[in-house]
Amino acid sequence: MERLINDFPAEEFKTVFGHEQLGEYYLRHDELAKAETHFRVVTDHYKNKQSRSGTSGMADLKLAKTILIANKADKFEEADSICKNYP
């Protein structure tokens, strides 16, 4: 996935899903900072493109989960807001 993202950054439709998959991988392996980074790429895509197409549509919830598991108290309000505003 990292190779796809690095070699074809203009293929946004494909790379956004790659970021989500990497986020899931890192979350499963307790590399929470990396997971957060990849989930933020996907959630930024949601905001900028106004679309969840090409993803599970749940990266924002995965980001909130990552914040909670990482016990990042300074981001708890953000996680709460994500959950409350989830479509």
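**Ground rules.** I am working with a predicted model, where local features need pLDDT of at least 70 and side-chain atom pairs count only at pLDDT 80 or more, while totals for chains, interfaces and linings use all residues. Residues are numbered from 1 along each chain as its sequence is written, and side-chain values use heavy atoms, with hydrogens and water left out.

**Entry 1: H2 and H4.** I took helices as DSSP runs (H or I, at least four residues), numbered from the N terminus. Helix H2 covers residues 12–28 and helix H4 covers residues 59–69; their axes lie 11 Å apart at an angle of about 25°. H2 is therefore roughly parallel to H4. For the terms, axes are lines fitted to C-alpha atoms over the stretch in contact, and angles run from 0 to 180 degrees between N-to-C directions; under 35 degrees counts as roughly parallel and over 145 as roughly antiparallel. The H2 and H4 crossing is left-handed, meaning that the near helix is turned anticlockwise from the far one by less than a right angle. From H2, Glu20, Glu24 and Leu27 meet Ala59, Lys62, Lys65, Thr66 and Ile69 of H4, with contact meaning heavy atoms within 4.5 Å. I sorted these residues into three nonpolar, one polar and four charged. Here Ala, Val, Leu, Ile, Met, Phe, Trp, Tyr, Cys and Pro count as nonpolar, Asp, Glu, Lys and Arg as charged, and the others, Gly among them, as polar.

**Entry 2: H3 and H4.** How do these two run? Helix H3 (residues 32–49) packs on H4 at about 150°, with the axes 9 Å apart, so H3 and H4 are roughly antiparallel. Their crossing is left-handed. On the H3 side I found Leu32, Phe39 and Tyr46 among the contact residues, and on the H4 side Leu63 and Ile67 are included. The contact of H3 with H4 has nine nonpolar, two polar and four charged residues.

**Entry 3: H4 and H5.** The axes of H4 and H5 come within 9 Å and cross at roughly 150°, so this pair is roughly antiparallel. H4 passes H5 in a left-handed crossing. Contacts include Leu61, Ala64 and Leu68 from H4, and Phe76, Ala79 and Cys83 from H5. By class I have nine nonpolar, no polar and two charged residues.

**Entry 4: the largest pocket.** Which helix gives the most to the lining of the largest pocket? It is H3, with five residues. H3, H4 and H5 (76–84) each supply at least two. Among the lining residues I noted Arg40, Asp44, Lys47, Arg52, Glu78 and Asn85. The lining divides into three nonpolar, three polar and six charged residues.

Methods:
Angles under 35 degrees count as roughly parallel, over 145 as roughly antiparallel, 65 to 115 as roughly perpendicular and the rest as oblique. On a 1 Å grid over the protein atoms alone, a cavity is a set of points where a 1.4 Å probe fits but cannot get out, and a pocket is an open set with protein on both sides within 12 Å along at least five of seven lines; lining residues have an atom within 4 Å of a point.
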